[in-house]
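The sequence and structure are shown first.

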Amino acid sequence: MRNIYKIGRSFIEEIKEGEKVAVVHDKDVDGIVSAVLFARSVEFPVFLIPFSWKDETIENEIIEFDIIVTLDLANDVVKKFLPSGRKTLVIDHHPIRESINAIIVNPRLVKQDSYKPTSYIVYKMFEEKISNLKWLAEIGIIADKGVEECKDVVEVKGEVWKSRKGTGAKMIAASSVIIGVTETVEKLLSFERLDDLLHDEEMRSSLKKYEKEIEKCEKEFWKNCMEIENAVVGIISPEYEGVGSVLSTKLAEKSKGKIIMVITDGNPMRVHGRCNGCDINIGEMLREICGGGGHERAGGGNIKDFDSFVKKIAYYLHRKSRKLGPGKRI
Ligand SMILES: [Mn+2]
């Protein structure tokens, strides 16, 4: 593993004075923290660009740069916007499905099923320079649920989400949707200690607002939900991004064995499926029903028509409970 960090560092050392460096990073907490750790590690100025798969302007934004560094973005995502002939460094932890013309720092090159968030990788690459920001790296790791394999960095005991660093992770998530990703990065760049984050008024009020919104949506979900076999399906209209995903995870933790489908209203409507402890593969189910995807316990997809979605769920679950194959009619 040490070797891949060294390859990443050599790439950085070879950057010449005057070369313009763009850092494109994911918008989630791991991506935001990685960007802050990276910017605080290198001696040269960097231009930070938050990116999500919906962004279409990225190619124009990075065209003028000599060097591209991407953080927490999978190879196949980077491939879509990478301009040709540009020196590129990809620091990431997603499965490697595509090869691209770049230097790759990804623990999966060494161990395929490794799960070490990008915050951990960036921290390990520059540990000597940013040991004072270990608390921030820990927050990025906690947010991406990577504590298990990063115990040499994360020091939290007991329930991580209830710890001070867990609260820090929630504050960053909330502030990124309420005050914005770039503004959140700006703030984090100025914090030296965990207390600077935990005591920041704007960050604190973001978390309060976000939690209030989740509570409101939880009530809305139970008020108009319907039960189909062991699935509970309900629509919510959240004010902020990411609420559907957070709420579905929360509800599934509370209702073990139930399939939770939180649908966020909009055009298109989006479904967030979760299940803890049932024998239905959520990702597979949503792939078949609405062309979505995911894994055993969590998945998502877009819905055009609510009524036909509900019918398809009923048909799918009825078929599964009778162990019928996909082609057989009931
Ligand atoms: Mn990540």
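## The mixed sheet

S9 and strand S11 (residues 298–303) are paired antiparallel through six bridges. In this pair, His272 has Gly300 of S11 as its bridge partner. The model is a predicted one, in which local features need pLDDT of at least 70 and side-chain atom pairs count only at pLDDT 80 or more, while totals for chains, interfaces and linings use all residues. Residues are numbered from 1 along each chain as its sequence is written. Helices (H or I, at least four residues) and strands (E, at least two) are DSSP runs numbered from the N terminus, and two strands pair if DSSP finds at least two bridges between them.

S9 and S11 belong to an open sheet of six strands with mixed pairing, ordered S6-S7-S8-S9-S11-S10. Its edge strands are strand S6 (226–228) and strand S10 (293–294), each of which pairs on one side only. S6 runs antiparallel to strand S7 (residues 231–236), and three bridges join them. Glu227 has Val232 in S7 as its bridge partner.

## Helices on the mixed sheet

Helix H11 (residues 201–224) packs on this sheet and touches S7 and strand S8 (259–264). A contact requires C-beta atoms, placed from the backbone, to lie within 7 Å. The direction of H11 makes about 120° with that of S7. Axes are lines fitted to C-alpha atoms, for helices over the stretch in contact, and angles run from 0 to 180 degrees between N-to-C directions. Helix H12 (residues 243–254) lies across S7, S8 and strand S9 (269–275) and runs at about 25° to S9.

## The S8–S9 hairpin

S8 and S9 pair in the antiparallel sense over six bridges, with Ile259 opposite Cys275 in S9. The two strands form a hairpin with four residues between them, and Gly266 in the turn has a positive phi of about 155°. The loop between S8 and S9 also holds Pro268, which is joined to Asn267 by a cis peptide bond with omega about 0°.

Five of the seven residues of S9 are buried, so this strand is largely enclosed by the rest of the structure. A residue is buried if 20 or more other C-beta atoms lie within 10 Å of its own, exposed if 12 or fewer, and partly exposed in between, with C-beta atoms placed from the backbone.

## The parallel sheet

Five strands form an open sheet with parallel pairing, in the order S2-S1-S3-S4-S5. Strand S2 (47–51) and strand S5 (103–105) are at the edges with a single partner strand each, so one side of each has no neighbour in the sheet. From one strand to the next, the twist averages 20°.

Strand S1 (residues 21–26) and strand S3 (residues 67–71) run parallel and are joined by five bridges; His25 has Leu71 in S3 as its bridge partner. Helix H2 (residues 29–41) lies across S1, S2 and S3, at about 155° to S1.

In the loop between S3 and helix H4 (75–81) is Asp72. Asp72 has a positive phi of about 65° although it is not a glycine, and it is buried, with 30 other C-beta atoms within 10 Å.

## The H7–H8 pair

Helix H7 (residues 134–143) and helix H8 (residues 164–178) have axes that come within 9 Å and cross at roughly 75°. The two helices are therefore roughly perpendicular to each other (65 to 115 degrees; under 35 counts as roughly parallel, over 145 as roughly antiparallel and the rest as oblique).

The loop between H7 and H8 contains Lys145, a non-glycine residue with a positive phi of about 55°. Lys145 counts as exposed, with 12 C-beta neighbours inside 10 Å.

Notes:
Two residues are in contact if their C-beta atoms, placed from the backbone, lie within 7 Å.
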